[in-house]
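Subject: Structure handover

Hello,

Please read them with the model open.

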Amino acid sequence: MFKPQRLGTVTIPDAELTTDKKGCKKIGPCGVGEKAIYLNSFYFDRRYYIPISSIERIFKRIAMSKGGFTGKGAFGTLSYLVVVYENGKEKQCNFKHEEDVDRLLAYIEERFPQIPLHSIEAERKLEEKRKWLEEKQRERILPEEIKKRLTKLEHAENYLKKQSDYYMDLSLSAKKKRTYDRSNPAYKWVAFAVVILGIGAFLYGIYSLLTHAGFGMYFLLFGLAAIFLFAGANVLPTSKNNKKYIENQLERSIQQMEAYIQKYPDFPVPAHYAHPVVLKRMQDIMKDGRAQTIPEALTVLKDDLKALNSNVTVEKEEYDEIVAIKPMFLVMDYK
């Protein structure tokens with residue numbers, strides 16, 4: 001009864017399916033195996049499967065609350081993974097955390113580079129932008145020395161993409177550290193009071209149940225208890241939500257990246273900035289003639305990130321890139 005259900009017409013034999021699902025990389029409610037991707041239903045994780053050979057494209061879809069994307073941030077977003085297969089059929093999976101969608105797409109890019117990771121419309125816009133940039137760059141004749149440096153950055157970028165977990169962990173741990181540092185300590189006391197209210201409502205609900213109060217009273221008190229407990233639990237310090245754990249997690253991510261790039265001769269950026277987006281934006285800076293050397297490009301990138309704040313309007317694609325890398329620079333104080 002727990003065997004994943006097939007989506008589409010291509011079937012994987014049961015023995016192969018069992019082995020593949022058991023060994024798949026679990027990311028959020030979904031998973032990626034060697035033979036199939038495993039998708040969630042509303043209630044169950046990895047409830048369906050689609051063979052890799054049937055997949056036409058996979059991409060992220062963001063649903064916005066009223067007002068949508070403003071260029072300054074996203075409010076009330078819902079993250080979805082969309083899998084297109086067998087002549088345009090779609091399966092959409094909701095994710096609780098957007099970073100899990102990004103992590104899954106990065107892993108797909110690493111393991112199955114032949115699968116497109118954008119919708120057809122997004123792909124068209126990206127292609128138009130790429131052609132525009134190429135036309136712009138043709139107007140400038142790059143010296144051979146600059147071309148060599150660009151090649152070095154491109155090769156380093158491709159090297160990082162071979163281990164998506166490493167740079168995703170680095171970005172995510174930096175985000176958590178930044179969020180924790182900016183949190184008002186008073187919020188924890190408010191959360192504690194909310195949790196106490198939840199416990200009180202829960203205990204009084206049990207008391208009402210034992211004293212045979214009306215059903216409406218049970219419903220109200222247990223409902224209030226659940227709301228208070230869930231609302232406060234996300235803010236209260238826990239084994240994975242405290243300063244020491246978050247700082248250690250960031251340090252482990254940096255050490256993991258350091259060990260990985262040590263195998264690469266003369267990696268162009270420090271481990272705490274080792275992210276494909278960083279290297280990509282450094283290449284764009286050099287192509288635009290804003291820097292001549294790799295250290296200069298990194299300095300210009302730092303200045304660009306410092307200048308970006310809530311008053312600056314950017315495109316959605318650039319916003320995603322900034323959100324991925326700016327916390328890494330902030331927690332290191334741009335050093």
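Does Tyr159 count as buried or exposed, and at what relative accessibility? This is a predicted model, and in it Tyr159 has a relative accessibility of 13%. The cut-off for buried is under 20%, so Tyr159 counts as buried.

Aromatic pairs

There are seven aromatic pairs in the structure. One of them joins Tyr159 and Tyr264, with 4.9 Å between the centres and 45° between the planes, a tilted arrangement. The two residues are 105 apart in the chain, and the pair links distant parts of it: Tyr159 belongs to helix α4 (residues 144–161), whereas Tyr264 is in the loop between α8 (243–261) and α9 (276–287). Tyr264 counts as buried too, at 17% relative accessibility.

A second pair consists of Tyr273 and Phe329, and this one is stacked, at 4.0 Å centre to centre with 10° between the planes. Tyr273 is in the loop between α8 and α9 and Phe329 is in helix α11 (residues 316–331), so the pair ties together parts 56 residues apart in sequence. Tyr273 is buried at 0% relative accessibility, and Phe329 is buried with a relative accessible area of 0%.

Tyr159 and Tyr264 also belong to one aromatic cluster, together with Tyr166, Tyr260 and Phe267.

Charges over rings

Two lysines are placed over tyrosine rings. Lys25 lies over the face of Tyr107, 5.4 Å from the ring centre. In the other case, the charged end of Lys306 sits over the ring of Tyr334, at 5.1 Å from its centre.

Helices α2 and α5

Tyr107 is among the residues of α2 that meet α5. The axes of helix α2 (residues 98–111) and helix α5 (residues 164–182) come within 9 Å and cross at roughly 160°. The cut-off for roughly antiparallel is over 145 degrees, and α2 and α5 are therefore roughly antiparallel to each other. The crossing of α2 past α5 is right-handed. On the α2 side the contact involves Glu99, Asp102, Arg103, Ala106, Tyr107 and Glu110; on the α5 side it involves Ser164, Asp165, Tyr167, Met168, Asp169 and Leu172.

Glu99 is worth a look in the viewer. It lies in helix α2 and counts as partly exposed, at 27% relative accessibility. Leaving aside residues up to four places away in sequence, Glu99 touches Met168 and Leu172. The C-alpha atoms of Glu99 and Ala324 are separated by 9.3 Å, although the two residues are 225 apart along the chain.

Positive phi

Most residues other than glycine have a negative phi. Asp266 counts as exposed, at 57% relative accessibility.

Tyr334, whose ring has Lys306 over it, has a positive phi as well, of about 60°, and is not a glycine either. Tyr334 lies in the segment after α11 and, at 12% relative accessibility, counts as buried.

Regards

Notes: Residues are numbered from 1 along each chain as its sequence is written. This is a predicted model: local features need pLDDT of at least 70, side-chain atom pairs count only at pLDDT 80 or more; totals for chains, interfaces and linings use all residues. Side-chain values use heavy atoms; hydrogens and water are left out. Rings of Phe, Tyr and Trp (its six-membered ring) pair if their centres lie within 6.5 Å; planes under 30 degrees apart count as stacked, over 60 as edge-to-face and the rest as tilted. Helices (H or I, at least four residues) and strands (E, at least two) are DSSP runs, numbered from the N terminus. Buried means under 20% relative accessible area, exposed over 50%, partly exposed in between (1.4 Å probe, protein chains only). A charge sits over a ring if NZ of Lys or CZ of Arg is within 6 Å of the ring centre and within 35 degrees of the ring normal. Axes are lines fitted to C-alpha atoms, for helices over the stretch in contact, and angles run from 0 to 180 degrees between N-to-C directions. Angles under 35 degrees count as roughly parallel, over 145 as roughly antiparallel, 65 to 115 as roughly perpendicular and the rest as oblique. A crossing is left-handed if the near helix is turned anticlockwise from the far one by less than a right angle, and right-handed if clockwise. Contact means heavy atoms within 4.5 Å.
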